[in-house]
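Subject: Structure handover

Hello,

Here is the structure we talked about. Please open it first, then read my notes below.

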Amino acid sequence: MAQTNGYFQIVNNGGKNFVRLIPPVNGGEPILINEIREYLAFNNFTVDTVALNTALTGLSGPVDFPIAEGNPRPVNEYFKLMLSDDKMKAIARFYPAQQGGQELGAAEIVNDLTHKGIRYGVSQELIGAYIKDKRYCTDIVVAEGLQPTRGKNASIEYFFNTDPNVKPALNPDGTVDFFNLNTISKCTKGMKLATLTPEVKGERGFRVTGEVIPPNEVKSARLQYGLNISLSEDELEIFSDVDGHVTLVDGKVFVSDVYEVVDVDTSTGNIDFKGNVLVTGSIKAGFCVEAEGDIEVKGVVEGALVKAGGNIIIARGINGMNKGIINAGGNVVAKFIENATVQAGGYVHAEAIIHSNVTANGDIDVTGKKGFIVGGNVRALGCVNAVTIGSEMGGETEIEVGIDPKLKARAVALEEAIRAAKQNIEKIEPILATFAQKIKEKAPLTAEQINYFKQLSEQYKAIKANHDSLIKEYDEIAEDVENVTSESTVSVQKNIYPGTKLTISEVSQVITKEAQHSKFVRDGADLRIKPL
């Protein structure tokens with residue numbers, strides 16, 4: 001015999017009303033006192049609940065328990081409807097008809113479900129199964145929703161080296177090998193560069209109430225590319241048209257024949273090139289070289305502006321003359337950096353940094369043959385590694401690691417913008433309050449005053465919305481900074497001299513005692529020194 005829950009039914013015997021208590025079978029659930037009490041109260045029957053509870057406790061076979069009053073007409077079979085929390089299932093709990101009452105058919109159940117707001121997923125099969133084998137006081141799923149199918153984001157596979165973190169090797173004598181950096185990816189004519197797999201949109205789902213569940217949003221993508229590249233007919237693949245170098249800059253693929261010059265001076269003027277630039281000589285002071293790809297300089301960069309979307313490699317170093325600026329979306333590799341400003345989206349590698357402002361989103365390594373950092377400011381999101389930091393002369397040298405330089409700069413800009421917006425808000429609010437009070441008091445206002453009030457109100461809304469947006473962005477940046485669990489360190493192979501200021505993830509300390517062969521790490525609110 002199958003498992004069935006205990007249930008109850010109103011019966012009549014000798015002109016009196018009883019509730020028949022039927023115990024569960026084969027481990028089914030017992031009759032719940034609260035359920036039967038609610039059922040009887042709903043149908044206007046009164047009952048001694050204490051005695052009823054006693055009867056249920058010792059129930060071993062069907063028992064007719066006396067009840068009083070009730071509806072003038074026999075109670076028909078009906079069900080209580082319940083929805084799952086996510087409205088993906090409709091669950092019915094049926095109660096038998098009183099003797100003489102009407103039983104439900106499949107069509108009536110479906111109509112009742114519709115009347116109770118079930119618009120989707122009603123199962124004729126499950127309802128039919130219940131009709132054939134009625135099981136009362138039992139949760140029966142009568143309708144199920146449809147889960148949405150998940151879509152997939154578009155993706156692009158590249159068939160060349162897109163890793164910008166290839167670092168230069170050191171020669172046996174400790175100098176950097178500037179001749180075999182292997183930082184540029186070569187390509188040949190006809191080479192496949194990338195394949196696009198388009199997004200797959202999901203399909204919507206439905207709750208049993210008929211509410212539509214939209215599928216997840218998917219991101220589309222397209223192949224972005226520059227010159228010397230062909231797109232396949234189905235627009236899903238790109239190929240190189242020439243032998244050259246391929247780079248990925250901000251999601252865009254570039255293939256270029258390298259633009260090559262000897263010196264950047266009065267004979268060439270400024271250079272602005274979409275691909276890679278090779279300068280076999282030097283870049284003279286006052287000139288500008290910009291490229292969307294990589295820039296390689298075999299000689300020296302003087303007080304010039306050099307800006308690349310990719311890497312910048314300067315074999316003989318930078319003498320910035322306090323006006324030179326080097327800005328790379330990728331890495332910067334130079335023999336030395338002196339009196340210059342250097343910004344790198346990747347790492348910076350040099351044999352010496354002298355009185356310069358250098359920032360990097362990766363590491364800053366000054367570990368060549370000389371390997372010293374003297375004066376200026378050196379900031380890295382990653383680590384700073386050097387042979388020597390500071391000098392015996394006590395020049396001001398600042399090293400900062402563990403915080404994104406761009407985030408920090410943006411936070412400073414946001415603070416100023418928030419301050420300005422707040423000042424404007426504080427100026428406008430009293431004026432609006434005065435107008436509002438006049439309107440409340442029904443004071444006469446001219447058409448010009450009303451128009452001014454409207455314009456000022458719109459201006460206030462715009463400034464307030466911008467103010468709130470700025471605060472939101474600032475809070476997100478501040479949270480990112482606060483949540484940094486940075487493993488950034490500052491390491492010196494030889495000496496770090498007194499007067500050097502170290503900052504690791506917002507924790508600062510000025511070195512007061514010379515240290516050798518050391519690594520500085522953050523330990524809570526302090527900096528701690530470890531041996532290398």
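Which residue in S38 is the bridge partner of Val 492? The partner is Ser 518. Keep in mind that this is a predicted model.

**Around S38**

Start with the strands on either side of that pair. Strand S35 covers residues 490-496, and strand S38 covers residues 515-523. The two pair in the antiparallel sense, over five bridges. S38 also pairs with strand S39, residues 526-531. That pairing is antiparallel too, with six bridges. Ser 518 turns up again here: it stands opposite Pro 531 in S39. S38 and S39 form a hairpin, with two residues between them. Look at Gly 524 in the turn, which has a positive phi of about 65°.

**A four-stranded sheet**

Next, find the open sheet with the strand order S8-S10-S15-S14. Its pairing is antiparallel. Which strands stand at the edges? They are S8 (155-158) and S14 (229-231). Each has a single partner strand, so one side of each is left without a neighbour in the sheet. Neighbouring strands of this sheet are turned by 20° against each other on average, direction ignored. Now go to S10 (residues 192-197) and S15 (residues 237-240). Three bridges join them, and they run antiparallel. Lys 192 stands opposite Phe 239 in S15.

**Two helices**

Two packed helices are described by the angle between their axes and the distance between the axes. Helix H1 (residues 33-42) and helix H2 (residues 49-57) pack at an angle of about 135°. Their axes are 11 Å apart. The angle makes H1 oblique to H2. Their crossing is right-handed. From H1, the residues that meet H2 are Ile 33, Ile 36, Arg 37 and Leu 40. They meet Thr 49, Leu 52, Asn 53 and Leu 56.

**Glu 400**

Last, look at Glu 400 in strand S34, residues 397-401. Is Glu 400 buried or exposed? Glu 400 counts as buried, because its relative accessibility is 13% and the cut-off for buried is under 20%. Leaving out residues up to four places away in sequence, Glu 400 touches Val 378, Arg 379, Ala 380, Lys 408 and Thr 503.

Best wishes

Conventions. Residues are numbered from 1 along each chain as its sequence is written. This is a predicted model: local features need pLDDT of at least 70, side-chain atom pairs count only at pLDDT 80 or more; totals for chains, interfaces and linings use all residues. Side-chain values use heavy atoms; hydrogens and water are left out. Two strands pair if DSSP finds at least two bridges between them. Buried means under 20% relative accessible area, exposed over 50%, partly exposed in between (1.4 Å probe, protein chains only). Contact means heavy atoms within 4.5 Å. Axes are lines fitted to C-alpha atoms, for helices over the stretch in contact, and angles run from 0 to 180 degrees between N-to-C directions. Angles under 35 degrees count as roughly parallel, over 145 as roughly antiparallel, 65 to 115 as roughly perpendicular and the rest as oblique. A crossing is left-handed if the near helix is turned anticlockwise from the far one by less than a right angle, and right-handed if clockwise.
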